Amino acid sequence: MGKALYRKYRSRSLSEIVGQEHITSTLQNALKQGGVSHAYLFTGPRGVGKTSVARILAYAINDIPYTDEDETHLDIIEIDAASNRRIDEIRTLRERIHNAPTSASYKVYIIDEVHMLTKEAFNALLKTLEEPPAHVVFILATTEVHKLPETIVSRTQRFNFRPIDNPQAVKHLQGIAKKENIDIDTEALELISAHSRGSFRDSISLLDQVRHIDHRITAKDIQAMLGIAPTESLEKLITGVAHADTASIVNTLKNIQEQGFQASMVAKQLATLLREALINDKHYFDYNITTNILKELIEVPVSHDPVSYLELALLSAATKINPGSSHSRPQSQLPTQPEQTIDKQTTPNNPESNQTPSSTKPKKPQAKSESKADKAPEVSNTAANESPKSQSSKLDADAWQSVLDAVKQKHNTLYSILRMATPKFDKNTVVLLFDFPFHQKRINEDKNKQAIIGIVHSSIGQDVELVCELATTQSKKPDKPDTTPKTDDSVDTISNIFGSAEVLES
């Protein structure tokens, strides 16, 4: 059986330790000066060299060469606190430490994952750390130092190990790959290093995992192995959110899921992209929206249903954005007061129709003998300024646009959903066709429906009945017939994700 690479290339001396020079230099000087402490505490993330340094230090204290991790020495005792965490094991340790070393100068106890000890075990260990025998040295290692009692920490010399930065990790991996004759791209090594998040052991294990690929190992091979979604898909999701294109978001997530990429990994990748964008002052969205998305993405891996949580997070963010895309009518293109002025100038019998726009002369009072027909346009214009009711008494596409404008001013979230619906008008009935059951159900809620009906009445002065339906291949966008056959993949995907979604046929 071959030896794992992370064991084969484990450091054998302090000078071989990479990325922890602030610790190794201090320990080397202490060994030269004879300043050995009775207790050390090594803290930091996993896979950065804590146990390796502990073993090297244990042998160096006793001036014994350390050549193979498989060798054991009677006076160097390693204890796994995860499986020896009870007070009985610590009591046994306290009884044995008084025995003198068999052949070495010091008896060294390496307690790994020391934070796993019980409260009673810590209390039993405390007295020993306070007044240990002169021939005993303790080296405690942990990834979660915050779980250690302060009384324990204060009785040790603490060394904080850092995550290995990517350039150092890539250089180290290149050296191992060269020695093992592994043909791998630098870009692939960078992906391995980034995925390992500063852990040497994890990065070397990943290299060991892909070494048997029978061709030159590329970044695509690493992406497939780690389940990393392509950058193009991530950028498509971000673009979909930025343009509030919910169909693009849903379909892209569906494609990502079908390719076998996990939602938790996609969320981490998106969070990394958005974080780098903030650091580099590249704005995909408004700052507040970006930070809110980051908060939601952090929760995806720990949620009960990561797939649904990720989709809801992106769809919710999309509804809060007003994109300048073809899916919505930009505010600068909405009807404004100058259009009303044009209508006023072209109105028959308007006494001001011949005035130039640049005229600054005040209006003269109208004579009492003016006819009612002459006064009619002014009354109409005054009413237009005071209330939108007289702008349109007919329920059509133009009137519906004025309704959307009014909804946007009062209910931005409802506006984001309404503008994606296809309206159909039949006398006093408005039928809204939605692509997704989630949107249909949202508008179909009684409070939302009544709010929209009220806005319709105040906008065009007409009482209407609002009907919300799910678009089918026959009813979807009747004004623009589509000759390309379409399927209900999007509807099926949403139903699967939300579970209890009910698809209503019109």
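Predicted model: local features only at pLDDT ≥ 70, side-chain atom pairs only at ≥ 80, totals over all residues.
Visitor: What makes up the protein chain, in helices and strands?

Guide: The protein chain has 22 helices and eight strands. Buried residues account for 43% of its 506 residues.

Visitor: Which share of the contacts with a separation of 6 or more joins residues 24 or more positions apart?

Guide: That share is 74% in this protein chain.

Visitor: Why is the pair Glu180 and Lys8 called a salt bridge?

Guide: The name asks for a side-chain nitrogen of Lys or Arg within 4 Å of a carboxyl oxygen of Asp or Glu. Between the side chains of Glu180 and Lys8, the N to O distance is 2.8 Å, so the pair meets the cut-off of 4 Å. The two residues come from distant parts of the chain, 172 residues apart: Glu180 sits in the loop between α7 (166-179) and α8 (186-196), and Lys8 in helix α1 (residues 5-8).

Visitor: Why do charged side chains pair at all?

Guide: When their charged atoms come close, side chains of opposite charge can pair.

Visitor: How do you know whether Glu180 and Lys8 are buried or partly exposed?

Guide: Buried means under 20% relative accessible area, and partly exposed lies between that and 50%. Glu180 has 15%, so Glu180 counts as buried. Lys8 has 42%, so Lys8 is partly exposed.

Visitor: What else does Glu180 pair with?

Guide: Glu180 also forms a salt bridge with Arg211, where the closest N and O atoms are 2.7 Å apart. This pair too links distant parts of the chain, 31 residues apart, with Arg211 in the loop between α9 (200-210) and α10 (219-226). At 24% relative accessibility, Arg211 is partly exposed. Salt bridges link Lys8, Glu180, Asp208 and Arg211 in a network.

Visitor: How many salt bridges does a search of the whole structure find?

Guide: The search finds nine salt bridges. One of them is between Arg155 and Glu130, with the closest N and O atoms 2.4 Å apart. Arg155 is in the loop between α6 (150-153) and β5 (157-160) and Glu130 is in helix α5 (residues 119-130), so the pair ties together parts 25 residues apart in sequence. Arg155, at 25% relative accessible area, is partly exposed, and Glu130, at 36%, is partly exposed as well.

Visitor: What makes β6 and β8 the edge strands of their sheet?

Guide: The sheet is open and has three strands in the order β6-β7-β8, with mixed pairing. β6 (422-426) and β8 (465-470) each pair on one side only, and that puts them at the edges. On average, neighbouring strands are turned by 20 degrees against each other, direction ignored.

Visitor: How do you know that β6 and β7 pair?

Guide: Two strands pair if there are at least two bridges between them. β6 and strand β7 (residues 429-434) have five bridges, in the antiparallel sense, so they pass that cut-off. Phe425 stands opposite Val430 in β7. Helix α20 (residues 437-444) packs on the sheet and touches β7 and β8, its direction making about 160 degrees with that of β8.

Visitor: Why is His439 called buried?

Guide: His439, in helix α20, has 5% relative accessibility, so His439 is under the cut-off of 20% and counts as buried. Leaving out residues up to four places away in sequence, His439 touches Thr246, Ile417, Met420 and Phe434.

Visitor: What makes Ala318 buried?

Guide: Ala318 is in helix α15 (residues 306-319). Its relative accessible area is 1%, so Ala318 too falls under 20%. Apart from neighbours within four places in sequence, Ala318 is in contact with Val241, Ala244 and Ile249.

Visitor: Which residues have the most contacts inside the largest nonpolar core?

Guide: They are Val266, Leu270 and Leu310, in a core of 29 residues. The elements giving two or more residues to this core are α11 (231-242), α12 (246-258), α13 (263-279), α14 (287-299) and α15. The largest share, six residues, comes from α13. Among the residues that Val266 touches are Leu234, Ile256 and Leu310. A second, separate core has 24 residues, including Ile79, Ile90, Ala121 and Leu148.

Key. Residues numbered from 1 in each chain as written. Heavy atoms only, no water. Helix = DSSP H or I, 4+ residues; strand = E, 2+ residues; numbered from the N terminus. Buried < 20%, exposed > 50% of the residue type's maximum accessible area, 1.4 Å probe, protein only. Axes fitted to C-alpha atoms, helices over the stretch in contact; angles between N-to-C directions. Contact = heavy atoms within 4.5 Å. Core = buried A, V, L, I, M, F, W, Y, C linked by side-chain atoms within 4.5 Å.
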